[in-house]
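Me: Please take me through the terms used for this structure, and set each value against its cut-off before drawing a conclusion.

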Amino acid sequence: MNATFYIAAAVAVFSTGMVVTRANAVHSLLYLVVSMLSLALVFFVLGAPLIAALEVVVYAGAIMVLFVFVVMMLNLGGRIAAQERAWLNPRAWRGPAALSAILFAELLYVLGASSGALTGAEPVQPKEIGRALFGPYMLAVELASMLLLAGLVGAFALARRDVPPRKERNP
Amino acid sequence: MTATIPLMHGLVLAGTLFAIGLLGLLARRNILYILMSIEIMLNATGLAFVVAGSRWNQADGQIMFLIILTMAAAEVAVGLALLLRFHHQFKTLDADAASTMRG
């Protein structure tokens, strides 16, 4: 099973790298779905079957469908892809890549000092999660429901169409 | 039937994904890609929680993932609604177009 983890991790890193470097939005979304499915496999071999299922259903299902809907609504054609390709020159990547690499190197340095502990002696069953969720974490569930309600109201209020587009300001 | 990998390998995977998401967030100018990079970073954070929960065989890590998942869902709904409104007003997805708002 250990090989499964490493293969899925390699697929996840590769597809995530492809997400941030593609010019076509739909290609990026499909790579993001692949990345999330491989992460679901990682969760499964780490002994979190419920989280693996939720990753597929909620992340790769619901959230990605939202993204695909928006891409379809905006009808991003070849013009946008050409513009993206123009923005994707190596000069634009130099600064962000250096900053990310520095932070990643620091993270590796900090993690290098940790012990060689092993994960996943046995899976954590959904029953345990449910007991904890509706026991000590009850308040967190209530807050999550409030957050989702706020997200629903906010998305509805923002996506209305009845506000006219902004007029161009005269100089 | 679970893998017993060193804790560090799982955390390094989470850190790698987070760094890639951060790179995308910094380098791209399209709002759609910025939102996708945020999703990648949130997902990587959740992975770190699940790896730690798996190390100590506790459910708490997975509950944290559930909370992050809820937050990501709410965030992406509001973010995509903002993106639709942005495209409606500026006819582009270039984040630099918003600098004319002088906010």
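Me: What should I know about the model and its numbering before I start?

Reply: This is a predicted model, in which local features need pLDDT of at least 70 and side-chain atom pairs count only at pLDDT 80 or more, while totals for chains, interfaces and linings use all residues. Residues are numbered from 1 along each chain as its sequence is written, chains are lettered from A and ligands numbered from 1 in the order in which they are written, and side-chain values use heavy atoms, with hydrogens and water left out.

Me: Why are H1(A) and H1(B) called roughly parallel to each other?

Reply: Helix H1 (residues 2-21) of chain A and helix H1 (residues 7-27) of chain B pack at an angle of about 5°, with their axes 9 Å apart. Axes are lines fitted to C-alpha atoms, for helices over the stretch in contact, and angles run from 0 to 180 degrees between N-to-C directions. Angles under 35 degrees count as roughly parallel, over 145 as roughly antiparallel, 65 to 115 as roughly perpendicular and the rest as oblique; H1(A) and H1(B) are therefore roughly parallel.

Me: Which residues of H1(A) and H1(B) meet?

Reply: Among them are Phe5(A), Ala9(A) and Val20(A) on the H1(A) side, and His9(B), Leu13(B) and Ile20(B) on the H1(B) side; contact means heavy atoms within 4.5 Å.

Me: How do you know that the span of H1(A) is close to the expected one?

Reply: The expected span of a helix is 1.5 Å times one less than its number of residues. H1(A), with 20 residues, reaches 29 Å from its first C-alpha to its last, which is close to the expected 28 Å.

Me: Why does Gln62(B) count as buried?

Reply: Gln62(B) lies in helix H3 of chain B. Buried means under 20% relative accessible area, exposed over 50%, and partly exposed in between (1.4 Å probe, protein chains only); Gln62(B) has a relative accessible area of 3% and is therefore buried. Leaving aside neighbours within four places in sequence, Gln62(B) is in contact with Gly47(A), Ala48(A), Ile51(A), Val124(A) and Ile129(A).

Me: Why is Leu111(A) called buried as well?

Reply: Leu111(A), in helix H5 of chain A, has a relative accessibility of 13% and therefore counts as buried. Not counting residues up to four places away in sequence, Leu111(A) touches Met8(B), Leu11(B) and Val12(B).

Me: What makes a set of residues a nonpolar core, and which residues have the most contacts inside the largest one?

Reply: A nonpolar core is a set of buried Ala, Val, Leu, Ile, Met, Phe, Trp, Tyr and Cys residues joined through side-chain atoms within 4.5 Å. The largest has 63 residues, and those with the most contacts inside it are Phe67(A), Leu47(B) and Leu83(B). H3(B) gives the most to this core, with 12 residues. Leaving aside its neighbours within four places in sequence, Leu83(B) is in contact with Val70(A) and Leu74(A) as well as with Ile31(B), Leu32(B), Leu35(B) and Leu93(B).

Technical notes: Helices (H or I, at least four residues) and strands (E, at least two) are DSSP runs, numbered from the N terminus.
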